[in-house]
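Dear colleague,

Please find the structure below, together with its sequence. My notes on what was found in it follow.

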Amino acid sequence: MNSIAFYLLLLLLLMSVTTPPSTSATTIGVTYTTPPPSLPTSAALSPDRIAAKVVSMKIPAVRLLDSNPSMIRAFAYTNVSLFLSVPNPLVPLLASNRSLAMRWCYRHVLPFYPRARISIISVGNDVVSYSPDVSPFLLRAMQNVHLSLADLRIYRISVSTTFSFFNVVPTAFPPSSAQFQEPTGEVIIRPILQFLERTNSSFLINLFPYNVYRSISSIPVGFALFEEGPFNFRDDLTTGVRYRNLFDMMVDAVISSMAVMGHENLPVIVAETGWPSSGIDAGEVDATLLYSEMFLKALFAHLRSGGGTPLRKEGVAEVYVFELVEKEDATKQGVRNWGLLHRNLTSKYSFEFSGGGGGKGRRFVEVLVGFFVEVVMLCLLI
C-alpha cells in the first residue's frame, strides 16, 4: 500500500506541476455581413455555407453586423455564439415605439433562441460618428429592446451599443489620463454606462490600432504590431506602467475613461479590430498583407496568453476580428481590404485561426500522465 500511495502522490504532484494554470483567455470571434442579393457572390456565400466554414475554422463567436435572420438560423445547433446588431436607421424607431422593438425581437431573436446561441445585441454601431442626430435615441432604444426581451422571458441576452475608439477617446496616451470626448461623454455615454451596470452588460468598442498608428507619427509600426524592440514601448509616467503594444494601451485608455465616470469594472468587448491588407491609396504603405498577418498572429497569441492588460489582468471578454470575408469590391482601387478569407472562402493567411501555442506541450503532458496512470493501475493489480 505504501508503494501505491507513493505512485498516487507522484501522479498528483506531476499533474499540479505540468498542468498549465487556468487563465481567462479572451474569446476571439469574427464579424460578418451578408452580401447584397445583387452581388454575384451572394448566392455562393449562402448562410449554410458561411456557418459551415465558421465551424470548420473553429471560430467560437460571430458578430452579424446586419443580423440577417437566415444567417442566424444557419448557426442554430452549431454552438457558435452570436452577437447581433440593430442597424443605425432603426434606432430612433425602436426608441419611440416599444412595439417596434418587440417586433424586432420577434423577427431576429424569438424564432431562433436558444437553438442559436445569441449572447448580445448591439443597438446601433458607432452611432456617434455616423449618425450623430440618432445619438439621443440610443439609450431609450436599448431600454426598449431590453424590456422586450424580458417580456419574452429571455434574460441571458445582454443589450448594449457599440462606440468607436477613434471617435469617443480623443487621447490614447497616457492611458491613465484618458477620458471620453465631451459633450458626448457626459450626455450620451454616462447614462449608457449606468444602464450597462444595472443590466450586467458590457461596454462595446471598435478598436483599430492601425487608425491610431496612422494618426500619430511618433508611434513606431512595431509597437502597433506587438513586436519586441528597443523602441517598441511607451511608459505611462503617472502609473509607472510600461506598455509593450498599442492594443493594450488603447484598451486601458477605454478602461480609464470608464473609471472617470465610476464604471471601471464593466466588462469590455472589442466589437471590431484588425489590420487592412490593402489601403485606399498608395500612401497607405503599411496596409499590406504581411503587416496584416503579423498583427493578427500576434494579437491572437497575446489574447490567448490570458495575460490581459496592465489595468485589467483578466483582459477584454471578447474580441471580434473585422472581417470574415473580404467584400465584393475589395480588390478595386480606393477600398480597404480587411477580410480573413477570399470571396471563394480560401484563406488569405498562412496561419490557422484556431491555432494556438502550447499544443505540443499539452500533448506531452497527456502522454506522461497517461503513463503514470498505467503504472499506478499495474501496482494495484500486483
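What is the mean pLDDT of the chain, and what share of its residues reach 70 or more? The mean is 85, and 83% of the residues reach 70 or more, pLDDT being the predictor's confidence in each residue, from 0 to 100. This is a predicted model, in which local features need pLDDT of at least 70 and side-chain atom pairs count only at pLDDT 80 or more, while totals for chains, interfaces and linings use all residues. Residues are numbered from 1 along each chain as its sequence is written, and side-chain values use heavy atoms, with hydrogens and water left out.

Confidence is highest in strand β6 (residues 203-206), at a mean of 98, and lowest in helix α14 (residues 359-381), at 42. Helices (H or I, at least four residues) and strands (E, at least two) are DSSP runs, numbered from the N terminus. Over residues 8-23 the pLDDT stays under 50, and the model has 13 contacts for them beyond four places in sequence; a contact means heavy atoms within 4.5 Å. Residues 356-378 are also below 50, with 14 contacts beyond near neighbours in sequence.

Two buried residues

S67 lies in the loop between β2 (61-64) and α3 (69-74). S67 is buried, with a relative accessible area of 1%; buried means under 20% (1.4 Å probe, protein chains only). A polar atom of the S67 side chain lies 2.7 Å from the backbone nitrogen of S85. Beyond its neighbours within four places in sequence, S67 is in contact with I72, L84, S85, W104 and H108.

A101 belongs to helix α5 (residues 98-108) and is buried at 0% relative accessibility. Its C-alpha atom is 7.6 Å from that of A141, 40 residues away along the chain. Not counting residues up to four places away in sequence, A101 touches L94, N144, V145 and S148.

The cavity

The structure holds one cavity of 30 Å³ or more. A cavity is a set of points, on a 1 Å grid over the protein atoms alone, where a 1.4 Å probe fits but cannot get out; lining residues have an atom within 4 Å of a point. The largest cavity contains about 90 Å³ of space, a volume being the space filled by probe spheres set on the points. It is lined by 14 residues, and those closest to its centre are T26, L303, G308, G315 and V316. Helices α12 (246-260) and α13 (289-304) each supply at least two lining residues.

Yours sincerely

Methods. On a 1 Å grid over the protein atoms alone, a cavity is a set of points where a 1.4 Å probe fits but cannot get out, and a pocket is an open set with protein on both sides within 12 Å along at least five of seven lines; lining residues have an atom within 4 Å of a point. Buried means under 20% relative accessible area, exposed over 50%, partly exposed in between (1.4 Å probe, protein chains only). A polar contact is a pair of N or O atoms within 3.5 Å; within protein, one must be able to donate a hydrogen and the other to accept it, and residues adjacent in sequence count only if both atoms are side-chain atoms.
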